[in-house]
Amino acid sequence: MKSTTRGTLAAVLTGVAAAVGAAAATPAAAIGTVPVPVPLAGAEQSLGMELPKLGGEIPLPTPGRPDGPRYVEGRLIPEHVLPQLPVAGGLPGAGLRAPLPHVLGDRFDHVGLSTPASDVRTLAPGLNLDAPLSPPNPRNAGLPDLKLPEAGVLTPVLQTVPGANLGLGPGL
């Protein structure tokens, strides 16, 4: 093979490998968290001792599509005048791994605590209104009847399931 053919083949294989790597990384990026490492390696080397390992995850909130106003028979103003806006995000996650001074024996020299990022589903508050007039009444010459005005606040919603893991062991 010529050197130009080998170079072209190498470039194509590199592009394919990069595409496969990007496709494999897509599910992790779809989660919507940004890892935040805390670099302590320099201090660990300068002090000559093992320091705790610390890191975290910050979720990225993404707004959803609100349900629009719905027209209901018998009302002049549509239902859900100010719709609730759904926002999906998460609680931040953290990870900590620290050495123990062999207090619990030789088999327990590290402690690890992790709180993975957990999904959060929220709905912003909304508003429901109705006018103090009814729809046109054919029995009243087409004029609307009077009624009490209605106003209601749609309560906000917050749903999540947080969790944490604690472990002791050798060299976690």
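**Entry 1: Leu166**

I began with Leu166, which counts as exposed because its relative accessibility is 70%, over the 50% cut-off. I note here that the model is predicted. I then asked which element holds Leu166. I found Leu166 in strand β13, residues 165-169.

Next I looked for a surface patch around this residue. Leu166 belongs to a nonpolar patch with Val38, Leu54, Leu96 and Leu113. Together the five have about 440 Å² of accessible area.

**Entry 2: the sheet around β13**

I followed β13 into its sheet. The sheet is open and has five strands, in the order β1-β2-β5-β6-β13. The pairing is antiparallel. Which strands stand at the edges? I found β1 (33-38) and β13 there; each has a single partner strand, so one side of each lacks a neighbour in the sheet. From one strand to the next, the twist averages 10°.

I then checked the partner of β13. Strand β6, residues 110-115, pairs with β13 in the antiparallel sense over five bridges. Val111 stands opposite Leu168 of β13. As a reminder to myself, sheet strands pair through backbone hydrogen bonds, parallel or antiparallel.

**Entry 3: salt bridges**

How many salt bridges does a search of the whole structure find? I got two.

I took Lys147 and Asp130 to start. Their closest N and O atoms are 2.5 Å apart. Is Asp130 buried or exposed? I read a relative accessible area of 5%, so Asp130 is buried. Lys147 is partly exposed, at 28%.

I then turned to Glu79 and Arg70. The closest N and O atoms of this salt bridge are 3.7 Å apart. Glu79 is partly exposed, with a relative accessible area of 23%. Arg70 is also partly exposed, at 42%.

**Entry 4: whole chain**

The chain has two helices and 13 strands. Of its 172 residues, 14% count as buried. The accessible surface comes to about 12,200 Å², and carbon and sulfur atoms account for 68% of that.

How values were computed: Residues are numbered from 1 along each chain as its sequence is written. This is a predicted model: local features need pLDDT of at least 70, side-chain atom pairs count only at pLDDT 80 or more; totals for chains, interfaces and linings use all residues. Side-chain values use heavy atoms; hydrogens and water are left out. Patches are made of residues with over 30% relative accessible area and no salt bridge: like charges are joined within 9 Å, nonpolar side chains (Val, Leu, Ile, Met, Phe, Trp, Tyr) within 5 Å. Accessible areas come from the Shrake-Rupley method with a 1.4 Å probe; for residues, only the protein chains shown count as cover. A salt bridge is a side-chain nitrogen of Lys or Arg within 4 Å of a carboxyl oxygen of Asp or Glu. Helices (H or I, at least four residues) and strands (E, at least two) are DSSP runs, numbered from the N terminus. Buried means under 20% relative accessible area, exposed over 50%, partly exposed in between (1.4 Å probe, protein chains only). Two strands pair if DSSP finds at least two bridges between them. Axes are lines fitted to C-alpha atoms, for helices over the stretch in contact, and angles run from 0 to 180 degrees between N-to-C directions.
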